[in-house]
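Have a look at the structure, then read on.

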Amino acid sequence: MSQEIPEAQLNTPKNSVANIIHYTFPKSSVKDLVSMLSGHKVAVSNGSACAANHAHKSHVLLAMCFSEDEMNRSLRFSLGKGNNEKEIEYVIEILKNMLYK
């Protein structure tokens, strides 16, 4: 994704699990991105899995020294064994269309 969307900042540590990818989109409203991706049947999350369905800020992202602004501009993508490269390319195309329209 970083090659296709240069401003997307990869936050996933190298020693992380391979199926979870976390990006910050500095110039974008994550609420808008989540809404638009959901409209394309793409499930993503804002924040860490530990904070899903909670109103408080993610202690994981705070420990990673994320500012409140960065937390509000970040998306977590979780892939399963049923996902394939074509689906990943589909998500990247949707994001490019949203970010560069």
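1. Helices here are DSSP runs of H or I with at least four residues, strands are E runs of at least two, and both are numbered from the N terminus.

2. Some ground rules: the model is predicted, local features need pLDDT of at least 70, side-chain atom pairs count only at pLDDT 80 or more, and totals for chains, interfaces and linings use all residues. Residues are numbered from 1 along each chain as its sequence is written, and side-chain values use heavy atoms, leaving out hydrogens and water.

3. Which residues of α1 are buried? They are V30, L33 and L37, where buried means under 20% relative accessible area and exposed over 50% (1.4 Å probe, protein chains only). Looking down the axis of α1, the buried residues fall within an arc of 55 degrees, so they line one face of the helix. (The arc is taken from the directions from the helix axis to the C-beta atoms.)

4. Turn to the face of α1 away from its buried side and you find the exposed K31 and G39.

5. What do the buried residues of α1 pack against? Their partners are β3 (74-78) and α4, with contact meaning heavy atoms within 4.5 Å.

6. On the α4 side, L33, M36 and L37 of α1 meet V91, I94, L95, M98 and L99. That contact has 8 nonpolar residues, no polar and no charged ones; nonpolar covers Ala, Val, Leu, Ile, Met, Phe, Trp, Tyr, Cys and Pro, charged covers Asp, Glu, Lys and Arg, and the others, Gly among them, are polar.
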